[in-house]
Amino acid sequence: MPVPVLILVIILGAPTALIAFMAVRAALVKPHAPPEREVSDLGIDKNALAAHLAGAVQIPTVSMADETYPEKPFFDYKEYIEKTYPLFAKAAECTVVNKYSLVYRIDGSDANLKPACFLAHIDVVPAPPEGWDYPPFGGEIHDGFVYGRGAQDMKCQMIAVLDALEFTLANGGGLKRAAYCCFGHDEELSTLDGAPEIVKYLDSLNVRPEYVLDEGGVMLDGGPLGVDGTLALIGVCEKGYMDVRLSRKKAGGHASTPAKPTALASVAKAVCNVERKQLPPVWTAPTIELIRELAPYMKPLFKFVMVNRDVLSPFIKFALSKLHPISAALVKTTFAPTMAKGSDAANVLPPYAEAVVNCRLIAGNSPETVLAHIKKVAGRGIDVEVINRAVPASKISPADTPSYVKIADAVRTAFPGVKVAPYMFIAATDSRFYYPICDNVYRFSPFAYTEDDQRRIHAVNERCNIDDLKKATEFFVRIIGDTCL
Ligand SMILES: [Zn+2]
């Protein structure tokens with residue numbers, strides 16, 4: 001073969017062979033989820049669940065921004081739990097931690113098994129009555145929904161756990177594996193009085209849970225990731241959190257004679273820079289796992305690309321970071337400008353202007369790295385400081401432990417047809433405090449919220465679908481059955 005032809009064959013042949021190899025590799029990837037289980041109706045009365053949740057919502061356990069608590073509702077709430085779930089109250093020993101947080105322990109018959117640990121938070125965000133169709137602490141039931149603050153975040157999950165335990169105790173007696181219910185009181189404030197104190201208490205008893213299961217983790221449409229149907233994502237870690245203030249001082253004065261740029265314009269430019277010049281996307285173990293789990297279900301082009309992640313890595317990272325806010329959040333630290341302040345009058349130049357950027361830190365980007373990046377891109381003359389406490393991304397829990405496998409299986413059973421995968425939860429929960437006593441910390445909210453439902457969390461007309469509450473309770477019955485009996 002003449003040399004030029006040989007070179008042409010090599011030039012054209014190598015990419016062709018590579019593409020063929022990649023296509024074959026994609027074709028060979030098959031779903032590996034276990035077959036769905038046949039399930040019988042557990043016979044749980046959804047109206048009773050709705051009444052339990054309505055009663056919980058009627059107790060206004062609001063954690064206040066000034067970190068003071070209206071005491072009575074928190075004390076009433078404990079009483080309510082113990083009155084509503086008599087078998088649970090009889091079987092569980094309660095320890096009150098730091099005045100308002102509750103730790104319940106139900107003993108297991110096998111002391112060699114490490115306990116299971118179910119988390120929920122008692123507190124809710126405030127709910128001024130304006131804009132609500134029904135009173136926010138009325139717990140009213142309309143059209144198959146329980147309305148009120150906490151109906152979604154997260155008394156629904158707590159009620160589902162408690163009803164599942166009550167159901168289990170009523171249908172067969174005791175647990176083999178001990179179970180803890182750890183209910184913190186300050187999750188919405190992100191202060192350190194609830195979950196961290198509970199963990200200190202558990203640590204003092206040398207409690208080392210087999211697994212921890214908290215809120216977080218979602219069911220969402222698979223479209224942005226090229227998968228038809230619903231994804232159920234189990235959080236195996238969570239992003240960090242940091243609020244950064246960008247500010248500038250400059251002479252104020254009358255707005256008719258501005259010296260350019262004004263303090264506010266400088267800050268505005270800095271904010272634009274932070275939004276535009278972001279840290280490069282990174283692969284984290286949970287996102288790689290997510291892709292591996294979901295690739296078999298993806299549409300052909302998505303599948304081809306994702307299965308060949310090792311070859312196409314830079315392209316995929318770039319595409320994910322641009323495709324959709326959800327996919328972007330999986331590969332990047334996100335920067336969300338949320339607050340801004342200039343002068344108090346339209347015709348007065350501000351002597352001081354500031355803006356706040358809320359940052360959600362991906363594993364691998366430490367608070368120090370992110371702060372240094374913001375300082376670099378904000379521009380000259382801008383003061384940059386962290387306000388509040390910076391929280392780094394959590395440790396990553398493995399997605400191949402027996403407890404993860406059983407949680408994933410219970411999700412598939414409760415929600416037939418969903419595709420289950422591990423992922424990095426993009427908000428913050430109490431569960432991050434549990435890593436010192438447990439490696440297997442998982443987050444899943446077994447509620448298939450519609451987009452409309454999601455918009456109601458921390459907003460007006462928060463509500464929980466009663467059918468969803470029943471499914472969530474069944475999910476916890478199965479988890480308890482699979483791991484604690
Ligand atoms: Zn919550």
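Q: What counts as a helix here, and where does histidine 373 lie?
A: A helix is a DSSP run of H or I with at least four residues, numbered from the N terminus. Histidine 373 lies in helix 12, which covers residues 367-378. Please keep in mind that this is a predicted model.

Q: Why is histidine 373 called buried?
A: Buried means under 20% relative accessible area. Histidine 373 has 11%, so it is buried.

Q: How far is histidine 373 from phenylalanine 447?
A: Their C-alpha atoms are separated by 37 Å, and the two residues are 74 residues apart along the chain.

Q: What makes the arrangement around the zinc ion irregular?
A: The zinc ion is coordinated by His121 through NE2, by Asp153 through OD, and by Glu215 through two OE entries, at 2.0 to 2.5 Å. Four donors count as tetrahedral if all angles lie between 85 and 135 degrees. The angles here are 52 to 147°, so the arrangement is irregular. For comparison, the ideal angle for four tetrahedral donors is 109.5 degrees.

Q: How are the donor residues of the zinc ion spaced in sequence?
A: The spacing is H-x31-D-x61-E. Histidine 121 is in strand 3 (residues 116-121), while glutamate 215 is in the loop between strand 7 (211-214) and strand 8 (218-221); this pair is 94 residues apart and links distant parts of the chain. Both histidine 121 and glutamate 215 are buried.

Q: Why is helix 15 described as largely enclosed by the rest of the structure?
A: Of its 19 residues, 15 are buried, so helix 15 is largely enclosed.

Q: What is the span of helix 15, and what is expected?
A: Helix 15 (residues 466-484) reaches 26 Å from its first C-alpha to its last, close to the 27 Å expected at 1.5 Å a residue.

Q: Why do strand 4 and strand 5 count as paired?
A: Two strands pair if DSSP finds at least two bridges between them. Strand 4 and strand 5 (residues 145-147) have two bridges, in the antiparallel sense, so they pair. Isoleucine 141 stands opposite valine 146 in strand 5.

Q: What makes strand 4 and strand 18 edge strands?
A: In the open sheet of three strands, the order is 4-5-18. Strand 4 (141-142) and strand 18 (463-465) each pair on one side only.

How values were computed. Residues numbered from 1 in each chain as written. Predicted model: local features only at pLDDT ≥ 70, side-chain atom pairs only at ≥ 80, totals over all residues. Heavy atoms only, no water. Expected span 1.5 Å × (residues − 1). Buried < 20%, exposed > 50% of the residue type's maximum accessible area, 1.4 Å probe, protein only. Donors = N, O, S within 2.8 Å, 3.2 Å for Na, K, Ca; no water. Tetrahedral: all angles 85-135°; square planar, octahedral: opposite > 155°, others 65-115°.
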